[in-house]
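Thanks, everyone. Let me put one chain up and walk through it.

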Amino acid sequence: MMSQILIVGAGPVGLTMAAELARFGQPVRIIDRAPHATETSKALALWSRTLELMDRMGCTTGFLDGGLKVHGVSLHSHGHTLAHARFDDIHSPYNFALMLPQSETEKLLTAHLSTYSIAIEREVELVSFVQRPAVVETRLRHADGHEEIFMTPWLIGCDGAHSTVRHGLGIEFAGSTLDDDWLLADVRIDGPSLPEDEIAIHFHKDGPCALFPMPQGRTRIIASMGKSNMGKSDTGKPNPDHLPAEPTLAMVQTVVNNRTGTKLLLSDPTWLTHFHINERKVSEYRNGRVILAGDAAHIHSPAGGQGMNTGIQDAVNLAWKLAMIMRGDTTPALIDSYDPERSAVGAMVLRNATTLTSMGLLANPIAREIRDLMVRLLFGFHAVQDRLAATMSEVEIAYAHSPLTAGSGAGARLAPEHYDGPPPGSGTVPRFVLFTTDDQTGEAFTANYPHLLEARPRIPPRPEELLVVRPDGYIGLRSKRGHWNDVESYLKRLAINPE
Ligand SMILES: Cc1cc2nc3c(=O)[nH]c(=O)nc-3n(C[C@H](O)[C@H](O)[C@H](O)COP(=O)(O)OP(=O)(O)OC[C@H]3O[C@@H](n4cnc5c(N)ncnc54)[C@H](O)[C@@H]3O)c2cc1C
């Protein structure tokens, strides 16, 4: 048996990683030190790009069946509506945010993983590891205390914000912990009717308060509660001595009425908690055969609901590359593109989340007035609404500066309407896809590079284009019809034994 790739952490990112590697026939082991999966709703929003990528994984339907489609966001200040932005124009078959508690997302991913006969090994903890030539030696501790030495060709740290893998690599989690307290409540709401398909964000001098529709008629409330006295922590861990008491329903009720200017009646809380926001990111996602993905590599404010989506997309990006390398279909250098691609995305997501959070937290009354004015003015333009929706949905993520990108306009995702077949990268073998209108030459290329290219070329969106699309649906090479030298040199860089 080939050696198993070891995935540490069975959160949404580790589960995606394991399922994607398994789909491509790679042996994996997925461990988690927790005795059971999360029971809380944590990440609520699944965005368009994540759902598109789930199409190629073959598991979107269960998510769509269980989730609630949200079609827009409204912005308010001190009880007055400033603006609405709709998601309908997101350029995707999934032009909405799908609200689904993270606990349900994890259940669905676990069920999807089990279709490959892979089970999570629970109460197994990664304790330490050492990189040896061509292998990583890991020490795993089981529930009964016994320790196991396990050799793996790749160690993937999907082990969350306090990642053992990241600590083991000695990589700094650079950034800061914001000193505001935030409360979170999952409740039922009665009263003046709330749109079921819209997120509502209320700016207020005491701090922002956001209401997110959830499935089964529930609502998630997040509100800032002002500066805490926990002080700044270098580790990002709040000092338990300084944390406020758990919020009560009465406390949340007061905050909601005050900030929304309405008389909503809250009841039946299933989760009441508070949290602090960390804004941190590693400078490198990979060291040799040890790789980080998800919260182990980047954490930030939940504003925009990007954290889990970005982590799942880290896993998707990494899995096909590792699978092609393990299968011997491509040069090991392919892995060098993971860090620059996903680190740039992580940095952008962190910047956006920070900007959104700071906008909500403005303390200066003049700055708040200017913000409200600008929101009212700018959101009157469809172009601004579309920009916000495109950014949040992650459909505009592109790898323009990746070492895997060649040609003007390459790096962007190929929109699903142009697939001319199943999503690139679906099925059991990861392959690039050649898009050309020159059938004969195209077929000669696919025959010459059977380990890299899908067997049949497809028709490009524009006949004058020549495209090589990656197994994750991003355009690797973009050139002009007839410019076969560009295709040749692109594929030679990827091939194991180029002539
Ligand atoms: C209140 C809140 C709201 C949020 N809202 C959103 C949202 O709307 N949208 C969004 O995209 N994101 C949101 N997020 C962020 C989201 O929850 C995280 O980004 C997501 O959980 C990260 O997934 P992960 O798999 O990387 O890590 P985790 O979910 O943290 O999973 C890591 C796993 O690793 C295991 N582990 C850790 N160390 C070890 C070890 N040494 N050995 C074995 N196992 C180990 C842990 O037990 C855990 O199960 C929110 C987060 C919070 C707290």
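First, the ground rules. This is a predicted model: local features need pLDDT of at least 70, side-chain atom pairs count only at pLDDT 80 or more, and totals for chains, interfaces and linings use all residues. Numbering runs from 1 along each chain as its sequence is written, and side-chain values use heavy atoms, with hydrogens and water left out.

Overall shape. The chain has twelve helices and 25 strands. Those are DSSP runs, numbered from the N terminus: helices are H or I with at least four residues, strands are E with at least two. The radius of gyration is 23 Å, close to the 23 Å of the globule rule for 499 residues, so the chain is as compact as a globular protein of that length. That radius is taken over C-alpha atoms, and the rule is 2.2 Å times the number of residues to the power 0.38. The C-alpha box is roughly 70 × 60 × 35 Å along the principal axes.

Of the 499 residues, 54% are buried. Buried means under 20% relative accessible area, with a 1.4 Å probe and protein chains only.

Now the cores. A nonpolar core is a set of buried Ala, Val, Leu, Ile, Met, Phe, Trp, Tyr and Cys residues joined through side-chain atoms within 4.5 Å. The largest has 86 residues, and Met17, Ile156 and Leu322 have the most contacts inside it. Helix α7, residues 307-326, gives the most, with eleven residues. At least three residues come from each of domain 1 (5-44 + 101-175 + 280-361) and domain 3 (416-494). Those bounds come from an automatic or database domain assignment.

What does isoleucine 156 contact, leaving aside neighbours within four places in sequence? Its partners include Ile5, Val8, Met17, Leu318 and Leu322. Contact here means heavy atoms within 4.5 Å. A second, separate core has 29 residues, among them Val73, Ala85, Phe87 and Ala389.

Next, helix α2, residues 48-57. Nine of its ten residues are buried, so α2 is largely enclosed by the rest of the structure. Glycine 58 follows α2, with a positive phi near 85°.

Last, a sheet. Three strands form an open, antiparallel sheet in the order β3-β7-β4. Strands pair if DSSP finds at least two bridges between them. β3 (45-46) and β4 (68-70) are the edges, each pairing on one side only. Two bridges join β3 to β7, residues 97-99. Alanine 45 has methionine 99 of β7 as its bridge partner.

Conventions. Buried < 20%, exposed > 50% of the residue type's maximum accessible area, 1.4 Å probe, protein only.
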